[in-house]
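Me: Please take a close look at one part of this model and tell me how it sits among its surroundings. I would like a connected account that I can follow with the structure open.

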Amino acid sequence: MGLRDASVVWTENSARGGPISSDTRINDRIRVPEVRLVGPSGEQVGIVRIEDALRLAQEADLDLVEVAPQARPPVCRLMDYGKFKYESAQKARESRRNQQLTVIKEQKLRPKIDTHDYETKRGHVIRFLEHGNKVKVTIMFRGREQSRPELGYRLLQRLADDVADLGFVEAAPKQDGRNMIMVLAPHKSQKTRPKASAGTDTN
């Protein structure tokens with residue numbers, strides 16, 4: 001890609017509010033004889049002398065911002081730089097606020113778990129998935145139970161079926177030493193419920 005093509009790409013990015021470095025040169029800090037000027041709406045003005053570009057910026061009560069310093073000549077755009085920085089900061093904050101960190105919870109079961117304990121553990125898994133968390137389900141085998149891995153498979157399959165409306169099997173059941181592990185993940189379309197309190201989850 002040539003310098004002209006590069007400058008066009010940078011111009012299009014900046015027109016959409018693309019990345020501009022914090023050490024971007026603006027106005028009098030731009031020390032080149034001429035620039036490729038882009039108007040405030042993204043329109044191509046063409047190559048102009050730096051004096052003319054600064055004059056146009058002053059007349060429009062805007063800043064001259066260098067958006068592609070590596071191009072020859074550098075690409076500059078007329079914009080309200082203070083407003084741009086403020087809106088960029090607002091978008092970054094909003095993005096961080098909406099970003100959901102993936103948390104993996106763990107739930108441990110025994111292969112011969114009784115009905116009441118199973119329902120309790122299933123309730124924990126349901127709550128984790130509703131909150132948008134992944135769940136690592138561990139079947140713990142002891143003694144002779146290790147010779148009956150099918151018990152673990154059946155139990156994990158039962159649990160996966162019971163919570164199928166909320167999550168799916170991201171990692172199929174796999175033997176890991178004395179344990180058998182499966183990972184459940186919430187459906188992407190699943191609307192997470194806010195946590196009622198910051199209490200400690202029990203396994």
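Reply: In this predicted model, the buried residues of helix α5 pack against several elements, namely the strands β5 (104–109), β6 (134–140), β7 (167–176) and β8 (179–186), together with the helix α4 (115–130). The residues of α5 that are buried are L151, G152, L155, L156, L159 and A160. Viewed down the axis of α5, these buried residues fall within an arc of 165 degrees, so they line one face of the helix. The face turned away from that buried side carries R154 and D161, both of which are exposed.

As for pairs between aromatic rings, the structure holds 0 of them.

Elsewhere in the model, strand β1 (residues 34–38) and strand β2 (residues 44–49) pair in the antiparallel sense over 5 bridges, and L37 stands opposite G46 in β2. The hairpin formed by β1 and β2 has 5 residues between the strands, and within this hairpin G42 takes a positive phi near 90 degrees.

Methods:
Residues are numbered from 1 along each chain as its sequence is written. This is a predicted model: local features need pLDDT of at least 70, side-chain atom pairs count only at pLDDT 80 or more; totals for chains, interfaces and linings use all residues. Side-chain values use heavy atoms; hydrogens and water are left out. Buried means under 20% relative accessible area, exposed over 50%, partly exposed in between (1.4 Å probe, protein chains only). Helices (H or I, at least four residues) and strands (E, at least two) are DSSP runs, numbered from the N terminus. The arc is that of the directions from the helix axis to the C-beta atoms. Contact means heavy atoms within 4.5 Å. Two strands pair if DSSP finds at least two bridges between them. Rings of Phe, Tyr and Trp (its six-membered ring) pair if their centres lie within 6.5 Å; planes under 30 degrees apart count as stacked, over 60 as edge-to-face and the rest as tilted.
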